[in-house]
Amino acid sequence: METVIVWFRNDLRLADNPALHAAVAGGARVVPVYIHAPEEAAPWPAGAASRWWLHHSLASLNASLQTLGGGLILRRGPSVDTLRELAAACGARQIYCNRCYEPALRSRDQALQSALADEGIECLFSNGSLLHEPWKLKTKSGNPYRVFTPFWRACQQQRTGAMPVPAPETLAPLPPALVSLSLAELDLLPSIAWDPGLHETWRAGEAAAQARLRAFAETTLAHYPEWRDLPDKTGSSRLSPHLHFGELSPRQAALTLQQHAQAEPAPNLIRGTEALVRELGWREFAYHVLYHYPHTTDEPLDARFAKFPWREDADSWRRAWRRGRTGYPIVDAGMRELWHTGWMHNRVRMIVASFLTKNCRIAWQQGARWFWDTLVDADLANNSLNWQWVTGCGADAAPYFRIFNPVTQSRKFDPQGGYLRRWLPELAPLPAPWLHEPWTTPPAVQRALGLEIGVDYPLPILDLKQTREQALAVFRSRVRRAGS
Ligand SMILES: Cc1cc2nc3c(=O)[nH]c(=O)nc-3n(C[C@H](O)[C@H](O)[C@H](O)COP(=O)(O)OP(=O)(O)OC[C@H]3O[C@@H](n4cnc5c(N)ncnc54)[C@H](O)[C@@H]3O)c2cc1C
(Lines give C-alpha, C1' and ligand atoms only; values in the text may rest on other atoms or scores of the structure.)
Protein backbone atom coordinates (compact mmCIF):
# COMPACT_ATOMS: atom_id res chain seq x y z
CA MET A 1 0.00 0.00 0.00
CA GLU A 2 1.31 3.45 -0.90
CA THR A 3 2.10 5.75 2.04
CA VAL A 4 1.86 9.55 2.16
CA ILE A 5 2.62 12.08 4.89
CA VAL A 6 0.15 14.70 6.13
CA TRP A 7 2.07 17.50 7.80
CA PHE A 8 -0.18 19.32 10.28
CA ARG A 9 0.65 22.94 11.08
CA ASN A 10 -1.99 25.62 11.83
CA ASP A 11 -4.79 23.27 10.72
CA LEU A 12 -5.29 21.06 13.77
CA ARG A 13 -8.58 19.50 12.71
CA LEU A 14 -9.91 16.54 10.75
CA ALA A 15 -13.03 18.03 9.14
CA ASP A 16 -12.67 20.52 6.28
CA ASN A 17 -8.95 19.88 6.17
CA PRO A 18 -8.13 20.00 2.44
CA ALA A 19 -4.64 18.52 2.83
CA LEU A 20 -5.86 15.55 4.86
CA HIS A 21 -8.83 15.11 2.55
CA ALA A 22 -6.63 15.07 -0.58
CA ALA A 23 -4.23 12.59 1.03
CA VAL A 24 -7.00 10.21 2.05
CA ALA A 25 -8.83 10.55 -1.28
CA GLY A 26 -5.82 9.07 -3.06
CA GLY A 27 -6.39 5.81 -1.13
CA ALA A 28 -2.88 5.78 0.37
CA ARG A 29 -1.95 5.04 3.97
CA VAL A 30 -1.66 8.39 5.77
CA VAL A 31 1.09 9.22 8.27
CA PRO A 32 0.03 12.37 10.18
CA VAL A 33 2.92 14.35 11.65
CA TYR A 34 3.43 17.53 13.64
CA ILE A 35 6.92 19.03 13.76
CA HIS A 36 7.83 21.44 16.53
CA ALA A 37 10.35 23.89 15.08
CA PRO A 38 9.94 27.27 16.81
CA GLU A 39 13.23 28.61 15.41
CA GLU A 40 11.78 28.37 11.90
CA ALA A 41 9.11 30.93 12.84
CA ALA A 42 11.72 33.44 14.10
CA PRO A 43 11.48 36.32 14.85
CA TRP A 44 7.93 35.35 15.84
CA PRO A 45 8.07 31.89 17.47
CA ALA A 46 4.87 31.07 19.39
CA GLY A 47 4.54 32.89 22.71
CA ALA A 48 3.85 31.29 26.07
CA ALA A 49 0.03 31.37 25.89
CA SER A 50 0.05 30.01 22.33
CA ARG A 51 2.34 27.14 23.36
CA TRP A 52 -0.11 26.28 26.12
CA TRP A 53 -2.92 26.13 23.58
CA LEU A 54 -0.83 24.15 21.12
CA HIS A 55 -0.11 21.47 23.73
CA HIS A 56 -3.79 20.87 24.39
CA SER A 57 -4.76 21.12 20.75
CA LEU A 58 -2.18 18.49 19.76
CA ALA A 59 -3.45 16.20 22.51
CA SER A 60 -6.95 16.57 21.15
CA LEU A 61 -5.88 15.99 17.53
CA ASN A 62 -3.95 12.87 18.50
CA ALA A 63 -6.98 11.49 20.34
CA SER A 64 -9.20 12.12 17.30
CA LEU A 65 -6.73 10.46 14.94
CA GLN A 66 -6.52 7.47 17.27
CA THR A 67 -10.30 7.15 17.28
CA LEU A 68 -10.09 6.69 13.50
CA GLY A 69 -7.40 4.03 13.86
CA GLY A 70 -4.34 6.22 13.26
CA GLY A 71 -2.34 8.57 15.47
CA LEU A 72 -0.06 11.60 15.37
CA ILE A 73 3.73 11.40 15.05
CA LEU A 74 5.35 14.23 17.03
CA ARG A 75 8.83 15.34 16.13
CA ARG A 76 11.19 18.27 16.53
CA GLY A 77 12.66 20.20 13.60
CA PRO A 78 14.47 21.12 11.46
CA SER A 79 11.41 20.37 9.38
CA VAL A 80 13.24 19.50 6.18
CA ASP A 81 15.45 16.88 7.88
CA THR A 82 12.56 15.43 9.83
CA LEU A 83 10.35 15.09 6.75
CA ARG A 84 13.20 13.60 4.73
CA GLU A 85 13.86 11.04 7.44
CA LEU A 86 10.17 10.20 7.91
CA ALA A 87 9.64 9.87 4.16
CA ALA A 88 12.57 7.47 3.94
CA ALA A 89 11.35 5.47 6.95
CA CYS A 90 7.84 4.92 5.61
CA GLY A 91 8.57 5.05 1.87
CA ALA A 92 6.46 8.17 1.26
CA ARG A 93 7.04 10.25 -1.86
CA GLN A 94 4.33 12.82 -1.16
CA ILE A 95 3.76 15.27 1.66
CA TYR A 96 0.38 16.98 1.95
CA CYS A 97 -0.06 20.19 3.94
CA ASN A 98 -2.09 23.37 4.15
CA ARG A 99 -0.37 26.67 3.42
CA CYS A 100 1.11 29.00 6.04
CA TYR A 101 1.22 32.73 5.28
CA GLU A 102 3.64 34.04 7.91
CA PRO A 103 6.71 35.43 6.11
CA ALA A 104 9.27 33.17 7.82
CA LEU A 105 7.16 30.05 7.30
CA ARG A 106 6.52 30.89 3.66
CA SER A 107 10.28 31.14 3.02
CA ARG A 108 10.85 27.93 4.97
CA ASP A 109 8.18 26.12 2.95
CA GLN A 110 9.57 27.30 -0.38
CA ALA A 111 13.11 26.21 0.49
CA LEU A 112 11.88 22.88 1.87
CA GLN A 113 9.70 22.19 -1.17
CA SER A 114 12.59 22.62 -3.59
CA ALA A 115 15.08 20.72 -1.39
CA LEU A 116 12.73 17.74 -1.15
CA ALA A 117 11.78 17.92 -4.83
CA ASP A 118 15.46 17.39 -5.68
CA GLU A 119 15.17 14.08 -3.83
CA GLY A 120 11.96 13.08 -5.58
CA ILE A 121 9.65 13.97 -2.69
CA GLU A 122 6.70 16.13 -3.66
CA CYS A 123 5.13 18.72 -1.30
CA LEU A 124 1.50 19.47 -2.14
CA PHE A 125 0.02 22.60 -0.61
CA SER A 126 -3.70 23.37 -0.13
CA ASN A 127 -5.60 26.31 1.27
CA GLY A 128 -6.90 25.27 4.69
CA SER A 129 -7.23 28.57 6.51
CA LEU A 130 -8.52 31.34 4.27
CA LEU A 131 -11.67 32.01 2.28
CA HIS A 132 -9.57 33.61 -0.48
CA GLU A 133 -5.94 33.17 -1.39
CA PRO A 134 -4.22 36.55 -0.97
CA TRP A 135 -2.74 36.62 -4.48
CA LYS A 136 -6.10 36.06 -6.14
CA LEU A 137 -7.50 39.47 -5.18
CA LYS A 138 -6.23 42.63 -6.86
CA THR A 139 -7.45 46.19 -7.27
CA LYS A 140 -8.40 47.44 -10.74
CA SER A 141 -4.87 48.73 -11.14
CA GLY A 142 -3.50 45.28 -10.32
CA ASN A 143 -2.20 46.11 -6.84
CA PRO A 144 -2.94 44.50 -3.48
CA TYR A 145 -5.74 46.07 -1.45
CA ARG A 146 -4.92 48.49 1.36
CA VAL A 147 -8.51 49.47 2.20
CA PHE A 148 -10.96 47.04 3.75
CA THR A 149 -14.30 47.96 2.13
CA PRO A 150 -13.30 47.45 -1.53
CA PHE A 151 -11.31 44.38 -0.48
CA TRP A 152 -14.37 42.85 1.16
CA ARG A 153 -16.55 43.74 -1.82
CA ALA A 154 -14.10 41.92 -4.08
CA CYS A 155 -14.14 38.90 -1.74
CA GLN A 156 -17.91 38.75 -1.88
CA GLN A 157 -17.89 38.91 -5.66
CA GLN A 158 -15.38 36.07 -5.75
CA ARG A 159 -17.50 33.66 -3.71
CA THR A 160 -16.25 30.23 -4.61
CA GLY A 161 -19.22 28.25 -3.33
CA ALA A 162 -16.78 25.53 -2.27
CA MET A 163 -18.23 23.36 0.48
CA PRO A 164 -16.29 22.05 3.51
CA VAL A 165 -14.73 18.66 2.87
CA PRO A 166 -15.54 15.79 5.27
CA ALA A 167 -13.23 14.23 7.83
CA PRO A 168 -11.93 10.75 6.98
CA GLU A 169 -14.00 7.89 8.38
CA THR A 170 -11.07 5.63 9.17
CA LEU A 171 -7.31 5.70 8.99
CA ALA A 172 -4.81 2.88 8.61
CA PRO A 173 -2.67 2.20 11.70
CA LEU A 174 0.70 3.97 11.83
CA PRO A 175 3.69 1.94 10.64
CA PRO A 176 5.09 0.43 13.88
CA ALA A 177 8.66 1.41 12.95
CA LEU A 178 7.84 5.12 13.20
CA VAL A 179 8.61 6.53 16.61
CA SER A 180 7.01 9.63 18.04
CA LEU A 181 8.11 11.96 20.79
CA SER A 182 5.71 12.22 23.68
CA LEU A 183 3.74 15.47 23.88
CA ALA A 184 5.56 16.34 27.12
CA GLU A 185 8.87 16.14 25.27
CA LEU A 186 7.86 19.11 23.14
CA ASP A 187 8.02 21.11 26.36
CA LEU A 188 5.17 23.44 25.50
CA LEU A 189 3.64 23.90 28.94
CA PRO A 190 4.91 26.54 31.39
CA SER A 191 7.36 25.42 34.06
CA ILE A 192 5.78 27.87 36.55
CA ALA A 193 2.05 27.25 36.90
CA TRP A 194 0.66 30.60 35.69
CA ASP A 195 -1.99 28.88 33.59
CA PRO A 196 -4.98 28.10 35.89
CA GLY A 197 -6.90 31.02 34.36
CA LEU A 198 -6.38 29.54 30.90
CA HIS A 199 -7.65 26.14 32.10
CA GLU A 200 -10.74 27.78 33.63
CA THR A 201 -11.52 29.67 30.44
CA TRP A 202 -10.73 27.43 27.48
CA ARG A 203 -11.00 23.98 25.97
CA ALA A 204 -8.71 23.51 22.98
CA GLY A 205 -9.40 21.18 20.07
CA GLU A 206 -11.75 20.60 17.18
CA ALA A 207 -14.69 19.31 19.22
CA ALA A 208 -14.47 22.31 21.57
CA ALA A 209 -14.33 24.67 18.57
CA GLN A 210 -17.47 23.11 17.09
CA ALA A 211 -19.24 23.26 20.45
CA ARG A 212 -18.35 26.94 20.86
CA LEU A 213 -19.58 27.70 17.35
CA ARG A 214 -22.89 25.97 18.02
CA ALA A 215 -23.35 27.69 21.37
CA PHE A 216 -22.60 31.06 19.79
CA ALA A 217 -25.14 30.41 17.01
CA GLU A 218 -27.83 29.46 19.49
CA THR A 219 -27.32 32.04 22.23
CA THR A 220 -25.50 35.08 20.88
CA LEU A 221 -25.66 35.37 17.10
CA ALA A 222 -28.95 37.28 17.02
CA HIS A 223 -27.54 39.93 19.38
CA TYR A 224 -23.99 39.98 18.03
CA PRO A 225 -24.12 43.40 16.28
CA GLU A 226 -25.12 45.13 19.54
CA TRP A 227 -23.37 42.93 22.10
CA ARG A 228 -20.02 42.55 20.40
CA ASP A 229 -18.90 45.94 21.70
CA LEU A 230 -19.87 45.32 25.34
CA PRO A 231 -17.05 43.71 27.31
CA ASP A 232 -19.33 42.76 30.19
CA LYS A 233 -21.29 40.38 27.95
CA THR A 234 -20.22 37.22 26.24
CA GLY A 235 -21.26 39.03 23.09
CA SER A 236 -18.74 37.76 20.55
CA SER A 237 -17.92 34.26 19.39
CA ARG A 238 -14.54 33.77 21.15
CA LEU A 239 -13.58 31.59 18.22
CA SER A 240 -10.29 33.43 17.64
CA PRO A 241 -7.88 30.83 19.13
CA HIS A 242 -9.78 28.01 17.41
CA LEU A 243 -9.49 29.85 14.09
CA HIS A 244 -5.83 30.66 14.65
CA PHE A 245 -4.86 27.04 15.31
CA GLY A 246 -7.11 25.83 12.55
CA GLU A 247 -9.34 23.76 14.81
CA LEU A 248 -12.11 25.37 12.79
CA SER A 249 -11.92 26.78 9.27
CA PRO A 250 -13.47 30.15 8.44
CA ARG A 251 -15.49 28.33 5.78
CA GLN A 252 -16.99 26.02 8.42
CA ALA A 253 -17.73 28.96 10.71
CA ALA A 254 -19.41 31.05 7.99
CA LEU A 255 -21.40 28.16 6.57
CA THR A 256 -22.65 26.88 9.94
CA LEU A 257 -23.92 30.34 10.87
CA GLN A 258 -25.50 30.91 7.46
CA GLN A 259 -27.28 27.55 7.68
CA HIS A 260 -28.45 28.33 11.21
CA ALA A 261 -29.85 31.68 10.07
CA GLN A 262 -31.60 30.03 7.10
CA ALA A 263 -33.09 27.23 9.20
CA GLU A 264 -34.80 29.67 11.55
CA PRO A 265 -35.23 32.68 9.32
CA ALA A 266 -35.24 35.73 11.56
CA PRO A 267 -33.90 39.15 10.58
CA ASN A 268 -31.70 39.27 13.68
CA LEU A 269 -29.99 35.98 12.87
CA ILE A 270 -29.32 37.10 9.32
CA ARG A 271 -27.96 40.44 10.53
CA GLY A 272 -25.80 38.70 13.14
CA THR A 273 -24.42 36.30 10.56
CA GLU A 274 -23.57 39.10 8.16
CA ALA A 275 -21.80 41.01 10.91
CA LEU A 276 -19.78 37.98 12.04
CA VAL A 277 -18.82 37.02 8.48
CA ARG A 278 -17.66 40.59 7.94
CA GLU A 279 -15.30 40.16 10.92
CA LEU A 280 -13.98 37.04 9.25
CA GLY A 281 -13.45 39.42 6.35
CA TRP A 282 -11.11 41.50 8.53
CA ARG A 283 -9.17 38.33 9.21
CA GLU A 284 -8.93 37.74 5.45
CA PHE A 285 -7.81 41.34 4.98
CA ALA A 286 -5.11 40.93 7.64
CA TYR A 287 -3.73 37.88 5.79
CA HIS A 288 -3.91 39.73 2.48
CA VAL A 289 -1.87 42.60 3.92
CA LEU A 290 0.61 40.25 5.61
CA TYR A 291 1.12 38.30 2.40
CA HIS A 292 1.71 41.36 0.21
CA TYR A 293 3.53 43.49 2.79
CA PRO A 294 5.47 40.99 4.91
CA HIS A 295 7.56 43.74 6.54
CA THR A 296 4.45 44.96 8.42
CA THR A 297 5.06 42.49 11.24
CA ASP A 298 7.79 44.87 12.42
CA GLU A 299 7.52 48.06 10.37
CA PRO A 300 4.54 50.33 9.68
CA LEU A 301 2.83 50.01 6.33
CA ASP A 302 2.57 53.79 6.19
CA ALA A 303 6.20 54.84 5.70
CA ARG A 304 5.53 58.28 7.21
CA PHE A 305 5.59 56.57 10.58
CA ALA A 306 8.91 54.78 10.14
CA LYS A 307 11.58 56.04 12.58
CA PHE A 308 8.84 57.63 14.67
CA PRO A 309 10.07 59.36 17.84
CA TRP A 310 8.56 56.90 20.32
CA ARG A 311 9.36 57.58 23.96
CA GLU A 312 12.42 55.71 25.19
CA ASP A 313 12.02 56.91 28.79
CA ALA A 314 8.64 55.38 29.59
CA ASP A 315 9.64 52.04 31.13
CA SER A 316 7.58 52.58 34.26
CA TRP A 317 4.49 53.31 32.13
CA ARG A 318 5.08 50.20 30.05
CA ARG A 319 5.40 48.08 33.21
CA ALA A 320 2.22 49.60 34.69
CA TRP A 321 0.39 48.91 31.41
CA ARG A 322 1.47 45.27 31.31
CA ARG A 323 0.54 44.66 34.93
CA GLY A 324 -2.82 46.44 34.75
CA ARG A 325 -1.78 49.21 37.15
CA THR A 326 -2.14 52.41 35.12
CA GLY A 327 -4.88 53.88 37.33
CA TYR A 328 -7.32 53.86 34.38
CA PRO A 329 -9.81 51.09 35.20
CA ILE A 330 -10.80 50.03 31.67
CA VAL A 331 -7.13 49.74 30.66
CA ASP A 332 -6.25 47.82 33.81
CA ALA A 333 -9.27 45.53 33.57
CA GLY A 334 -8.34 44.63 29.99
CA MET A 335 -4.71 43.93 30.82
CA ARG A 336 -5.72 41.76 33.76
CA GLU A 337 -8.27 39.89 31.67
CA LEU A 338 -5.47 39.23 29.19
CA TRP A 339 -3.07 37.99 31.84
CA HIS A 340 -5.66 35.75 33.48
CA THR A 341 -7.45 34.28 30.46
CA GLY A 342 -5.07 34.79 27.52
CA TRP A 343 -7.77 36.76 25.71
CA MET A 344 -9.13 40.29 25.76
CA HIS A 345 -12.34 41.79 24.43
CA ASN A 346 -11.88 43.53 21.05
CA ARG A 347 -13.16 46.94 22.18
CA VAL A 348 -10.81 46.83 25.17
CA ARG A 349 -7.89 45.74 22.94
CA MET A 350 -8.43 48.97 20.99
CA ILE A 351 -8.55 51.05 24.18
CA VAL A 352 -5.39 49.57 25.73
CA ALA A 353 -3.52 49.81 22.42
CA SER A 354 -4.51 53.46 21.99
CA PHE A 355 -3.44 54.18 25.57
CA LEU A 356 -0.02 52.59 25.00
CA THR A 357 0.74 54.12 21.60
CA LYS A 358 -0.87 57.54 22.04
CA ASN A 359 -0.96 58.48 25.73
CA CYS A 360 2.26 56.66 26.68
CA ARG A 361 3.72 57.13 23.16
CA ILE A 362 5.33 53.69 23.41
CA ALA A 363 6.04 51.93 20.10
CA TRP A 364 3.19 49.72 18.87
CA GLN A 365 5.74 46.95 18.30
CA GLN A 366 6.23 46.68 22.08
CA GLY A 367 2.51 46.29 22.61
CA ALA A 368 2.29 43.76 19.80
CA ARG A 369 5.11 41.73 21.42
CA TRP A 370 3.32 41.63 24.76
CA PHE A 371 0.10 40.52 23.11
CA TRP A 372 2.09 37.95 21.15
CA ASP A 373 3.32 36.34 24.34
CA THR A 374 0.10 36.52 26.36
CA LEU A 375 -2.77 35.96 23.88
CA VAL A 376 -4.01 32.44 23.20
CA ASP A 377 -5.21 33.77 19.84
CA ALA A 378 -1.90 35.53 19.01
CA ASP A 379 -1.92 35.66 15.24
CA LEU A 380 0.78 37.41 13.26
CA ALA A 381 -1.57 38.74 10.58
CA ASN A 382 -4.34 39.92 12.92
CA ASN A 383 -2.03 41.27 15.59
CA SER A 384 0.16 43.28 13.21
CA LEU A 385 -2.78 44.71 11.29
CA ASN A 386 -4.71 45.70 14.39
CA TRP A 387 -1.83 47.30 16.27
CA GLN A 388 -1.08 49.39 13.21
CA TRP A 389 -4.78 50.13 12.77
CA VAL A 390 -5.03 51.61 16.26
CA THR A 391 -1.74 53.48 15.93
CA GLY A 392 -2.83 54.98 12.63
CA CYS A 393 0.12 53.70 10.60
CA GLY A 394 -1.31 50.62 8.86
CA ALA A 395 -3.77 49.49 6.20
CA ASP A 396 -7.11 51.30 6.34
CA ALA A 397 -6.00 52.54 9.75
CA ALA A 398 -7.88 54.80 12.11
CA PRO A 399 -6.60 58.36 11.59
CA TYR A 400 -3.67 59.13 13.89
CA PHE A 401 -5.72 61.81 15.67
CA ARG A 402 -8.29 59.26 16.88
CA ILE A 403 -7.21 58.83 20.49
CA PHE A 404 -9.55 56.82 22.65
CA ASN A 405 -10.38 58.46 25.97
CA PRO A 406 -10.41 55.50 28.37
CA VAL A 407 -12.89 57.15 30.73
CA THR A 408 -15.40 58.02 28.00
CA GLN A 409 -15.00 54.57 26.44
CA SER A 410 -15.50 52.90 29.79
CA ARG A 411 -18.70 54.87 30.50
CA LYS A 412 -20.04 54.13 27.06
CA PHE A 413 -19.27 50.43 26.72
CA ASP A 414 -19.37 49.27 30.34
CA PRO A 415 -21.93 51.67 31.81
CA GLN A 416 -22.84 49.48 34.79
CA GLY A 417 -19.18 48.67 35.43
CA GLY A 418 -19.68 44.89 35.46
CA TYR A 419 -16.49 44.30 33.46
CA LEU A 420 -14.47 46.65 35.66
CA ARG A 421 -15.73 45.03 38.86
CA ARG A 422 -14.94 41.54 37.58
CA TRP A 423 -11.30 42.29 36.79
CA LEU A 424 -10.59 44.92 39.45
CA PRO A 425 -12.12 43.44 42.61
CA GLU A 426 -10.47 46.13 44.74
CA LEU A 427 -12.79 48.68 43.04
CA ALA A 428 -15.92 46.52 43.26
CA PRO A 429 -17.55 48.54 46.08
CA LEU A 430 -17.25 51.85 44.21
CA PRO A 431 -20.56 53.24 42.91
CA ALA A 432 -20.76 53.78 39.14
CA PRO A 433 -20.04 57.51 38.90
CA TRP A 434 -16.59 57.05 40.46
CA LEU A 435 -15.83 53.58 39.20
CA HIS A 436 -14.77 54.86 35.78
CA GLU A 437 -12.44 57.50 37.31
CA PRO A 438 -11.69 56.37 40.86
CA TRP A 439 -9.28 59.22 41.63
CA THR A 440 -12.32 61.56 41.75
CA THR A 441 -13.93 59.61 44.63
CA PRO A 442 -14.38 62.01 47.56
CA PRO A 443 -12.17 61.10 50.56
CA ALA A 444 -15.25 60.64 52.77
CA VAL A 445 -16.66 58.05 50.34
CA GLN A 446 -13.31 56.27 50.21
CA ARG A 447 -13.21 56.15 54.01
CA ALA A 448 -16.78 54.88 54.22
CA LEU A 449 -15.95 52.09 51.73
CA GLY A 450 -12.64 51.24 53.41
CA LEU A 451 -10.82 51.99 50.17
CA GLU A 452 -7.88 54.29 49.58
CA ILE A 453 -7.19 55.30 45.98
CA GLY A 454 -3.42 55.57 45.62
CA VAL A 455 -2.95 52.64 48.05
CA ASP A 456 -5.50 49.94 47.19
CA TYR A 457 -5.63 50.98 43.54
CA PRO A 458 -3.12 53.24 41.76
CA LEU A 459 -3.60 56.89 40.97
CA PRO A 460 -3.40 57.59 37.21
CA ILE A 461 0.17 57.27 35.96
CA LEU A 462 -0.31 60.09 33.45
CA ASP A 463 -2.53 63.01 32.58
CA LEU A 464 -4.89 62.11 29.74
CA LYS A 465 -5.35 65.61 28.35
CA GLN A 466 -1.71 66.57 28.43
CA THR A 467 -0.45 63.30 26.88
CA ARG A 468 -3.14 63.49 24.24
CA GLU A 469 -2.04 66.96 23.19
CA GLN A 470 1.61 65.92 23.16
CA ALA A 471 0.82 62.88 21.02
CA LEU A 472 -1.25 64.95 18.60
CA ALA A 473 1.59 67.45 18.20
CA VAL A 474 4.18 64.74 17.50
CA PHE A 475 1.96 62.74 15.15
CA ARG A 476 0.85 65.90 13.32
CA SER A 477 4.42 67.06 12.79
CA ARG A 478 5.32 63.67 11.26
CA VAL A 479 2.44 63.81 8.84
CA ARG A 480 3.23 67.45 7.92
CA ARG A 481 6.92 66.76 7.45
CA ALA A 482 6.14 63.82 5.16
CA GLY A 483 3.71 66.00 3.17
CA SER A 484 6.11 68.94 2.68
C1 LIG B 1 -4.48 45.74 19.25
C2 LIG B 1 -5.22 44.52 18.75
C3 LIG B 1 -4.56 43.30 18.63
C4 LIG B 1 -5.24 42.18 18.13
N5 LIG B 1 -4.56 40.98 18.03
C6 LIG B 1 -5.22 39.89 17.55
C7 LIG B 1 -4.56 38.63 17.46
O8 LIG B 1 -3.36 38.48 17.75
N9 LIG B 1 -5.28 37.57 17.01
C10 LIG B 1 -6.61 37.68 16.64
O11 LIG B 1 -7.21 36.67 16.23
N12 LIG B 1 -7.22 38.86 16.69
C13 LIG B 1 -6.59 39.97 17.14
N14 LIG B 1 -7.26 41.15 17.23
C15 LIG B 1 -8.62 41.27 16.63
C16 LIG B 1 -9.81 41.00 17.55
O17 LIG B 1 -9.66 41.71 18.75
C18 LIG B 1 -9.98 39.53 17.87
O19 LIG B 1 -9.97 38.75 16.68
C20 LIG B 1 -11.33 39.29 18.56
O21 LIG B 1 -11.42 40.05 19.73
C22 LIG B 1 -11.46 37.82 18.89
O23 LIG B 1 -12.63 37.58 19.61
P24 LIG B 1 -13.84 36.79 18.97
O25 LIG B 1 -13.34 35.51 18.40
O26 LIG B 1 -14.91 36.73 20.00
O27 LIG B 1 -14.26 37.76 17.79
P28 LIG B 1 -15.63 37.85 16.96
O29 LIG B 1 -16.11 39.23 17.09
O30 LIG B 1 -16.55 36.77 17.33
O31 LIG B 1 -15.12 37.68 15.46
C32 LIG B 1 -15.03 36.41 14.81
C33 LIG B 1 -13.65 36.23 14.24
O34 LIG B 1 -13.37 37.25 13.28
C35 LIG B 1 -11.98 37.59 13.34
N36 LIG B 1 -11.86 39.00 13.73
C37 LIG B 1 -12.68 39.72 14.53
N38 LIG B 1 -12.23 40.99 14.64
C39 LIG B 1 -11.11 41.06 13.91
C40 LIG B 1 -10.18 42.10 13.63
N41 LIG B 1 -10.32 43.34 14.12
N42 LIG B 1 -9.11 41.81 12.84
C43 LIG B 1 -8.93 40.59 12.32
N44 LIG B 1 -9.79 39.56 12.55
C45 LIG B 1 -10.85 39.80 13.33
C46 LIG B 1 -11.35 36.71 14.39
O47 LIG B 1 -10.79 35.58 13.76
C48 LIG B 1 -12.54 36.34 15.26
O49 LIG B 1 -12.36 35.15 15.95
C50 LIG B 1 -6.60 42.30 17.75
C51 LIG B 1 -7.26 43.52 17.90
C52 LIG B 1 -6.58 44.63 18.39
C53 LIG B 1 -7.31 45.93 18.53
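Here is a conversation about a predicted model, taken one label at a time.

Visitor: Why is Ser50 called buried?

Guide: Buried means under 20% relative accessible area. Ser50 has 3% relative accessibility, so Ser50 counts as buried. Ser50 lies in helix 2, residues 48-67.

Visitor: What does Ser50 touch, beyond residues up to four places away in sequence?

Guide: Ser50 touches Phe245, Trp372, Leu375, Val376 and Ala378.

Visitor: Why is Asn383 called buried?

Guide: The cut-off is under 20%. Asn383 has 8% relative accessibility and therefore counts as buried. Asn383 lies in helix 16, residues 380-391. Not counting residues up to four places away in sequence, Asn383 touches Ala368, Phe371, Trp372 and Leu375.

Visitor: Why is Asn268 called partly exposed?

Guide: Partly exposed falls between buried, under 20%, and exposed, over 50%. Asn268 has a relative accessible area of 38%, so Asn268 is partly exposed. Asn268 is found in helix 11, residues 267-292.

Visitor: Which residues is Asn268 in contact with, leaving aside its neighbours within four places in sequence?

Guide: Asn268 is in contact with Leu221 and Ala222. As for Glu119, Asn268 is 149 residues from Glu119 in sequence and 56 Å from Glu119 in space, C-alpha to C-alpha.

Visitor: Now the backbone. What makes phi of Lys307 worth a note?

Guide: Phi of Lys307 is near 50°. That is a positive value in a residue other than glycine. Lys307 is found in the loop between helix 11 and helix 12 (315-323).

Visitor: Is Lys307 buried or exposed, and why?

Guide: Exposed means over 50% relative accessible area. Lys307 has 78%, so Lys307 is exposed.

Visitor: Where is Arg361, and what is its phi?

Guide: Arg361 is in the loop between helix 14 (346-359) and helix 15 (364-374). Phi of Arg361 is near 50°, a positive value in a residue other than glycine.

Visitor: Why is Arg361 called buried?

Guide: Set the value against the cut-off of under 20%. Arg361 has a relative accessible area of 14%, so Arg361 is buried.

Visitor: Which peptide bonds are cis?

Guide: Pro43 lies in the loop between strand 2 (29-36) and helix 2. A cis bond also joins Gly77 and Pro78, with omega about 0°. Pro78 is found in the loop between strand 3 (73-76) and helix 3.

Visitor: How do helix 3 and helix 4 pack?

Guide: Helix 3 (residues 79-90) and helix 4 (residues 103-117) pack at an angle of about 35°. Their axes are 10 Å apart. The crossing is right-handed. Helix 3 brings Ser79, Val80, Leu83 and Arg84 to the contact, and helix 4 brings Arg108, Leu112, Ala115 and Leu116. Those residues divide into five nonpolar, one polar and two charged.

Visitor: What about helix 13 and helix 15?

Guide: Helix 13 (residues 329-341) packs with helix 15 at an angle of about 35°, with their axes 9 Å apart. Met335, Leu338 and Trp339 of helix 13 meet Trp370, Phe371 and Thr374 of helix 15. The residues of this contact divide into five nonpolar, one polar and no charged.

Visitor: Why is Thr341 called buried?

Guide: Buried requires under 20%. Thr341 has 6% relative accessibility, so Thr341 counts as buried. Thr341 is found in helix 13.

Visitor: How do you know that the side chain of Thr341 makes a polar contact with Glu337?

Guide: A polar contact needs a pair of N or O atoms within 3.5 Å. The side chain of Thr341 reaches the backbone oxygen of Glu337 at 2.8 Å.

Visitor: How far is Thr341 from Leu198?

Guide: They are 143 residues apart in sequence and 4.9 Å apart in space, C-alpha to C-alpha. Leu198 is among the residues Thr341 touches, not counting those up to four places away in sequence.

Visitor: Which residues come nearest to the ligand?

Guide: Of the 26 residues around the ligand, Tyr224, Ser236, Ser237, Arg238 and Asn346 come nearest.

Conventions:
Residues numbered from 1 in each chain as written. Predicted model: local features only at pLDDT ≥ 70, side-chain atom pairs only at ≥ 80, totals over all residues. Heavy atoms only, no water. Axes fitted to C-alpha atoms, helices over the stretch in contact; angles between N-to-C directions. Helix = DSSP H or I, 4+ residues; strand = E, 2+ residues; numbered from the N terminus. Left-handed = near helix turned anticlockwise from the far one by under 90°. Contact = heavy atoms within 4.5 Å. Nonpolar A, V, L, I, M, F, W, Y, C, P; charged D, E, K, R; others polar. Buried < 20%, exposed > 50% of the residue type's maximum accessible area, 1.4 Å probe, protein only. Near = heavy atom within 4 Å. Polar contact = N/O pair within 3.5 Å; in protein donor to acceptor, adjacent residues only side chain to side chain.
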